[in-house]
Amino acid sequence: MSPQPMTIRRANQNDAEALSRIGKSTFTETFAHLYAPADLQAFLDDSHSPEFYAELLGDETCAAWLAEDETGAAVGYCTCGPCGLPAPEMPEKSGELQRLYVEKTKQGSGLGRAFLDIAIGWLEDHFDHVYLGVYEENHRAQKLYEAYGFQKIGEYIFMVGAHPDQEWIMKRNAG
């Protein structure tokens, strides 16, 4: 059986609800077991609200892409923009792959790599340095990022509600 066709397009203001839904469902599906319900809900309400995505989509220094399956249903997205990570000695003109979320049923389909290809191209067109943050125990994502030339350069604490997570900061080496 061949994989179902998916399309990736640049997200727009009308996609805020879809990004919110995917962000909430994929984050919950992947990480909910790590957090107290109140911490998880506080994080989702703040960082995955439709308002959060509407603001991001309205920011001309940022970009987002949305993947849709053959029925037009949203199944993943990624976002990029200026780097907000606490990277050591952050150079000027640094960009960040901020989020890359793919629904579990589409993981392993090549969608994550397709998003990375698009995002890295956009980031390298707009910034001189490219970073990302990833949960220290998300080994599958780390392996993918390493295949794209990212290397761990530091760590930081990422708050989910009142729960601190240890995250890696990774930087892409050009070439």
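**Exercise 1. At what angle do helix α1 and helix α2 pack, and how far apart are their axes?**

This is a predicted model, where local features need pLDDT of at least 70, side-chain atom pairs count only at pLDDT 80 or more, and totals for chains, interfaces and linings use all residues. Residues are numbered from 1 along each chain as its sequence is written, and side-chain values use heavy atoms, leaving out hydrogens and water.

Step 1. Find the helices: α1 covers residues 16–31 and α2 covers residues 37–47. Helices are DSSP runs of H or I with at least four residues; strands are runs of E with at least two.

Step 2. Read the geometry. The angle is about 155°, and the axes lie 10 Å apart. Axes are lines fitted to C-alpha atoms, for helices over the stretch in contact, and angles run from 0 to 180 degrees between N-to-C directions.

Step 3. Classify the angle. That makes α1 roughly antiparallel to α2 (over 145 degrees).

Step 4. List the meeting residues. K24, F27 and T28 in α1 meet L40, F43 and L44 in α2. The residues of this contact divide into 4 nonpolar, 1 polar and 1 charged. Here Ala, Val, Leu, Ile, Met, Phe, Trp, Tyr, Cys and Pro count as nonpolar, Asp, Glu, Lys and Arg as charged, and the others, Gly among them, as polar.

**Exercise 2. Is I22 buried or exposed?**

Step 1. Check the area. I22 is buried, because its relative accessible area is 0%. Buried means under 20%, exposed over 50%, partly exposed in between (1.4 Å probe, protein chains only).

Step 2. Look at its surroundings. Not counting residues up to four places away in sequence, I22 touches F27, L66, A74, V75, G76, Y77, Y101 and E103. Contact means heavy atoms within 4.5 Å.

Step 3. Turn to K93. K93 sits in the loop between β3 (74–82) and β4 (94–102). K93 counts as partly exposed, at 48% relative accessibility.

**Exercise 3. In what order do the 7 strands of the open sheet stand?**

Step 1. Read the order: β1-β2-β3-β4-β5-β7-β6, with mixed pairing. Two strands pair if DSSP finds at least two bridges between them.

Step 2. Find the edges. β1 (7–10) and β6 (150–160) each have a single partner strand, so one side of each is left without a neighbour in the sheet.

Step 3. Zoom in on one pair. β3 and β4 run antiparallel, joined by 7 bridges. The bridge partner of C78 is L100 in β4.

Step 4. α4 runs at about 160° to β4.

How values were computed:
Angles under 35 degrees count as roughly parallel, over 145 as roughly antiparallel, 65 to 115 as roughly perpendicular and the rest as oblique.
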